[in-house]
Amino acid sequence: MWKTILRRLLIMIPEVIILSILVFLLAKAMPGDPFTGSINPKADPEQIHHLMKLNGLYDPWYQQYWHWVVHLFHGNLGNSYQYQEPVSRLIAGRAGNTLWLALFTMILTYAMALPMGVFAGRHEGQLPDTVIRVYTYVTYCIPFFVILVIGIWVFGYILGWFPTTGSISPNANGWAQTIGSHLTHILLPGLLGALFGTVNIVQYLRSEVIDAKHSDYVRTAQSKGVPSKDIYRHHIFRNSLLPIAAFAGYSITGLLNGSIFTETVFSYPGMGLLFVNSIIYRDYTVITALVLIYGILNLLGTLLSDIILSLVDPRIRID
Amino acid sequence: MAENFAQHSNISAADLDRLTREAQAEATPSTARIIWNEFKADRPALISLFVVVGFILFVMVGALFIDTPKMMETNIVNYFNRPLTAGFPLGADAGGRSILLELIVGSRNSIGIALGLTVISSTFGICWGLISGYFSGYVDWGMQRVYDFMMMLPMTMMIIVLVTIIPHYNAVTLTLIFSIFYWEGTSRLIRSRTLAESGKDYAAASLTSGTNRWKIIFRDIMPNISSLIIVDTTLSFAENIGVETGLSYLGFGLPSQTPSLGTMIANANDPNNITQYWWTWLPAALEIIILCLAISYIGQVLRRAADASQRQGTAD
């Protein structure tokens with residue numbers, strides 16, 4: 001067990017190093033220097049030259065990379081040229097929003113997917129199963145951003161049930177109103193994300209339940225006279241809980257990728273929207289930091305899933 | 001062979017002919033035949049197939065007759081013309097451009113990129129999966145680490161960063177950039193099937209009799225998993241439509257003067273457009289939904305055809 005985790009961690013090290021080099025080189029290759037826009041166009045070229053030199057922008061790439069890594073370990077991600085504040089503080093202010101939305105979406109996803117999966121498996125081949133299968137098929141096919149746009153159009157603009165921009169209403173006073181306002185702002189994106197993110201869990205759970213239905217331990221419980229509700233709740237469902245939990249790690253990747261679209265459509269001030277804005281303003285210290293953070297979060301998500309899976313399934317373990 | 005046979009047996013030519021015909025009737029029908037039977041048994045699937053193929057042909061041919069630069073000229077007189085007005089069946093956008101014409105050219109661009117992306121990324125993914133699955137050991141280990149690394153990358157972000165780096169990109173470079181990031185799913189699927197196939201007797205026998213390994217991979221194993229390849233390619237085509245349109249929607253795909261279904265949906269980013277001038281973006285959104293549903297449905301039918309126990313079509 002521990003061997004597996006240790007080995008996974010060791011593999012992660014080169015991955016992170018390659019990722020950081022890649023991210024750094026990509027940011028370097030982006031057009032424009034960081035002073036574009038922040039300097040008066042009439043400024044003395046000599047002065048710009050001096051500024052570039054002062055910031056080490058003429059050094060060879062590996063030196064710049066090394067400086068960047070050293071700063072990284074000191075928690076210094078550089079300064080945002082667009083916002084004129086430390087990137088770490090800028091991102092810390094936005095990360096909360098993204099993570100709350102992701103967590104909320106994930107909770108809703110599980111809350112919807114678990115009953116649906118068990119229900120579909122229990123009524124295999126009957127009407128509820130067909131309805132759920134059509135639902136998963138439809139939600140799987142349609143590109144997510146199209147749903148977001150149609151969702152905000154119908155529920156945000158036409159019906160006016162949900163706010164269409166921001167993460168909090170400016171009139172919210174006191175903690176109760178603040179939390180309430182936050183919730184109403186993440187409700188629609190969270191619901192849409194959950195409604196269209198259940199496919200994997202529902203399909204997995206459905207096939208697990210169908211397999212379990214015909215297994216010996218369920219037949220034993222049935223012949224002992226255990227009510228079928230209890231069989232589903234205590235025997236079958238509990239058995240498939242851990243592999244289902246493993247999906248949480250993988251779904252982090254999906255949620256983070258989706259956050260770029262969700263936050264753009266809902267003008268929700270999180271890391272995804274910050275990324276899109278930073279690209280437009282060529283704010284490459286922010287871009288580098290965000291790509292790195294998203295990469296590392298993806299890595300941790302996969303790690304989490306792999307560990308849970310190796311707990312469940314001894315065949316995956318390396319001994 | 002037939003002459004040889006006639007010399008050494010006393011079966012008459014007519015009998016031989018009859019026997020051959022009987023054997024052919026009993027033999028497994030060809031893949032194309034199975035797929036066609038499956039489509040005939042499922043009317044919605046047949047309709048989807050005609051809709052998708054007909055629509056793709058229509059936009060490909062139709063776009064040839066449209067002068068794109070002229071179409072993209074702004075004409076303020078027609079500013080936000082409503083649908084069903086003279087000359088504008090689907091209305092006009094902020095620049096007075098016909099939504100219908102933009103939709104045709106945009107569909108051509110989006111579908112073209114999705115097709116290109118599917119061909120490139122699937123070919124690469126299939127080769128990667130076959131090689132990785134067949135040569136187990138260090139080759140497989142190394143290729144799997146590359147796979148893990150690619151899976152870790154935040155794809156959307158990387159594509160956006162690459163698009164901003166390349167100064168003069170067009171549809172071709174865009175397709176190539178997307179292809180870098182969209183082969184992993186296919187490769188994983190193909191690898192696991194190749195692993196199973198390479199353990200079978202026919203692969204081992206072929207190797208023992210001295211067949212070249214590459215020949216075994218591409219001439220023996222690949223045909224055996226061809227049905228999986230067909231299904232996977234169809235399904236990834238449906239997914240790939242969402243890739244370009246999504247990026248174009250964010251403003252990092254095709255440039256705004258090149259219409260795409262994504263740039264058309266981006267009209268909805270303006271709070272005025274989204275409610276007041278809904279016809280500027282809704283047709284493109286609905287088109288994407290219908291196309292994706294229809295193509296995936298075709299994929300489902302192909303999947304059924306590939307699995308004999310799920311087939312609904314009867315051989316005739």
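Q: How many aromatic pairs does a search of the whole structure find?
A: The search finds 12 aromatic pairs over all chains. This is a predicted model, in which local features need pLDDT of at least 70, side-chain atom pairs count only at pLDDT 80 or more, and totals for chains, interfaces and linings use all residues; side-chain values use heavy atoms, with hydrogens and water left out. Residues are numbered from 1 along each chain as its sequence is written, while chains are lettered from A and ligands numbered from 1 in the order in which they are written.

Q: How do you know that the pair of Tyr134(B) and Phe135(B) is edge-to-face?
A: The ring centres lie 5.5 Å apart and the planes meet at 85°, so the pair is edge-to-face.

Q: Why is Tyr134(B) counted as buried?
A: Buried means under 20% relative accessible area, exposed over 50%, and partly exposed in between (1.4 Å probe, protein chains only). Tyr134(B) has 10% relative accessibility and therefore counts as buried. Phe135(B), at 17%, also counts as buried.

Q: What makes Asp306(A) and Arg8(A) a salt bridge?
A: A salt bridge is a side-chain nitrogen of Lys or Arg within 4 Å of a carboxyl oxygen of Asp or Glu. The closest N and O atoms of Asp306(A) and Arg8(A) are 2.9 Å apart, so the pair meets the rule. Asp306(A) lies in helix α13 and Arg8(A) in helix α1 of chain A, 298 residues apart. At a relative accessible area of 24%, Asp306(A) is partly exposed, whereas Arg8(A), at 17%, is buried.

Q: How do you know that Glu85(A) and Arg89(A) form a salt bridge?
A: Their closest N and O atoms are 3.8 Å apart, which falls within the limit, so the pair counts. Arg89(A) is exposed because its relative accessibility is 56%, while Glu85(A), at 23%, is partly exposed.

Q: Why are Arg18(B) and Asp15(B) separated by about one helical turn?
A: They are three residues apart in helix α2 (residues 13-26) of chain B, and therefore about one helical turn separates them. A network of salt bridges links Asp15(B), Arg18(B) and Glu22(B).

Q: How large is the area buried between chain A and chain B?
A: It is about 3,700 Å², with 82% from carbon and sulfur atoms. In chain A, Tyr137(A), Phe145(A) and Trp153(A) lose the most area to chain B, together 16% of what that side buries. Buried area is the accessible area (1.4 Å probe) that two parts lose on being put together, summed over both.

Q: How many salt bridges does the rule find across this interface?
A: The rule finds zero salt bridges between chain A and chain B.

Definitions and conventions. Rings of Phe, Tyr and Trp (its six-membered ring) pair if their centres lie within 6.5 Å; planes under 30 degrees apart count as stacked, over 60 as edge-to-face and the rest as tilted. Helices (H or I, at least four residues) and strands (E, at least two) are DSSP runs, numbered from the N terminus.
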